[in-house]
Amino acid sequence: MKKGLLIILSGPSGVGKGTVRRYFENDERLNLAYSTSMTTREPRNGEIDGKDYFFTSRQDFENAIKNGELLEYAEFVGNYYGTPLKEVEKLRNEGKNVILEIEVQGATQVQEKCPDALSIFIIPPSMEELEKRIRGRKTEAEEIVQQRLAKAAQEMKMIPQYKYIVCNDDPKLAAELITTIILRHIELEENK
Ligand SMILES: Nc1nc2c(ncn2[C@@H]2O[C@H](COP(=O)(O)OP(=O)(O)O)[C@@H](O)[C@H]2O)c(=O)[nH]1
Ligand SMILES: Nc1ncnc2c1ncn2[C@@H]1O[C@H](COP(=O)(O)OP(=O)(O)O)[C@@H](O)[C@H]1O
């Protein structure tokens, strides 16, 4: 069986990565599996441990780094986030196309290790709209919102390292564009 694709989905906090993903992740043609990350961030209301994230202590996260258990990791606005390597490999070996929803430092590490990874960056229609969305979600305190917005401006500078840029103005359209990109990559892989 052919090993599944590795798909990196990045974009600033609040741009709508999760919202857009929910429109395409169950499309059977894409044969996707979502890689659940580890994080030291506190769970938000409604987030499920083991599904949205593996919520963990700093100590356990640092042990995972030391033991080489992570494909990549980064510190983002005061918390660690990382991708468990074993699960990604298992899913890809089962032929699944694995989607990593990760920030730009982690994306750089994955691109160095796996140059074939398909990378997509989601941009907002404007920085004003990004601010509206992140505030509208009401999941972060004001201080953290400010830090995430400052981070967003830096992250946008990393756009050239991505293969595809998709604007999330309408989430269904953004999802359709991403679906088209992934389907074409699946086709190209099959013909290799
Ligand atoms: N490098 C890396 N970044 C991650 C990982 N999981 C999530 N992130 C990113 O960390 C950032 C913060 O995530 P989160 O606190 O859930 O905020 P949200 O993106 O606004 O929902 C986002 O850019 C995520 O895409 C991971 O495993 N590795
Ligand atoms: N295209 C869109 N237009 C308007 N609001 C959106 C759009 N996409 C997402 N949102 C809203 O923006 C907020 C952030 O979206 P979310 O998916 O949590 O972002 P991310 O996962 O990138 O942090 C949510 O309240 C969501 O409902």
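## The mixed sheet

Strands β3 and β6 run antiparallel and are joined by 2 bridges, where strands count as paired if DSSP finds at least two bridges between them, and where strands (E, at least two residues) and helices (H or I, at least four) are DSSP runs numbered from the N terminus. In this pairing, M38 has G82 of β6 as its bridge partner. The model is predicted, so local features need pLDDT of at least 70 and side-chain atom pairs count only at pLDDT 80 or more, while totals for chains, interfaces and linings use all residues. Residues are numbered from 1 along each chain as its sequence is written, and chains are lettered from A and ligands numbered from 1 in the order in which they are written.

Both strands belong to an open sheet of 4 strands, with mixed pairing and the order β4-β3-β6-β5. Its edge strands are β4 (53-55) and β5, each of which pairs on one side only, and the twist from one strand to the next averages 25 degrees, with axes taken as lines fitted to C-alpha atoms, for helices over the stretch in contact, and angles running from 0 to 180 degrees between N-to-C directions. Strand β3 (residues 37-39) also pairs with β4, in the parallel sense and over 3 bridges, and here M38 stands opposite F54.

The pairing of β5 with β6 is antiparallel and extends over 6 bridges; within it, E75 is partnered by Y80 of β6, and L70 by P84 of β6. These two strands form a hairpin with 2 residues between them, and V77 in the turn has a positive phi of about 45 degrees. β5 is mostly covered, with 5 of its 7 residues buried, a residue being buried if 20 or more other C-beta atoms, placed from the backbone, lie within 10 Å of its own, exposed if 12 or fewer do, and partly exposed in between.

Helix α2 (residues 58-66) lies across β3, β5 and β6 and runs at about 45 degrees to β6, contact meaning that the C-beta atoms of two residues, placed from the backbone, lie within 7 Å. Helix α3 (residues 85-93) packs on the sheet as well, touching β5 and β6, and its direction makes about 30 degrees with that of β6.

## The parallel sheet

A second topic is the open sheet of 5 strands, which has parallel pairing and the order β2-β7-β1-β8-β9. Because β2 (32-34) and β9 (164-167) stand at its edges with a single partner strand each, one side of each is left without a neighbour in the sheet. Neighbouring strands are turned by 25 degrees against each other on average, direction ignored.

Within this sheet, strand β1 (residues 6-10) runs parallel to β8 and is joined to it by 4 bridges, with S10 standing opposite F121 of β8. Helix α7 (residues 171-190) packs on the sheet and touches β1, β7 (97-101), β8 and β9, its direction making about 160 degrees with that of β9.

## The nonpolar core

The largest nonpolar core has 40 residues, of which I7, L100, I120, I122 and I178 touch the most other members; such a core is a set of buried Ala, Val, Leu, Ile, Met, Phe, Trp, Tyr and Cys residues joined through C-beta atoms within 7 Å. Strand β8 (residues 118-123) gives the most to this core, with 5 residues. Not counting residues up to four places away in sequence, L100 touches L6, I7, I8, L9, S35, T83 and V110.

## Around the ligands

Ligand 1 is surrounded by 17 residues, the closest being S13, S37, Y81, I102 and G106, where a residue is near a molecule if its C-beta atom, placed from the backbone, lies within 6 Å of it. The elements giving two or more residues to this shell are β5 (70-76), β6 (79-84) and α4 (104-113), and β5 gives the most, with 4 residues. By class, the shell around ligand 1 has 5 nonpolar, 8 polar and 4 charged residues, with Ala, Val, Leu, Ile, Met, Phe, Trp, Tyr, Cys and Pro counted as nonpolar, Asp, Glu, Lys and Arg as charged, and the others, Gly among them, as polar.

Around ligand 2 there are 15 residues, of which G16, K17, G18, T19 and R133 come nearest. Helices α1 (17-24) and α5 (127-137) each supply at least two residues of this shell, which divides into 2 nonpolar, 8 polar and 5 charged.
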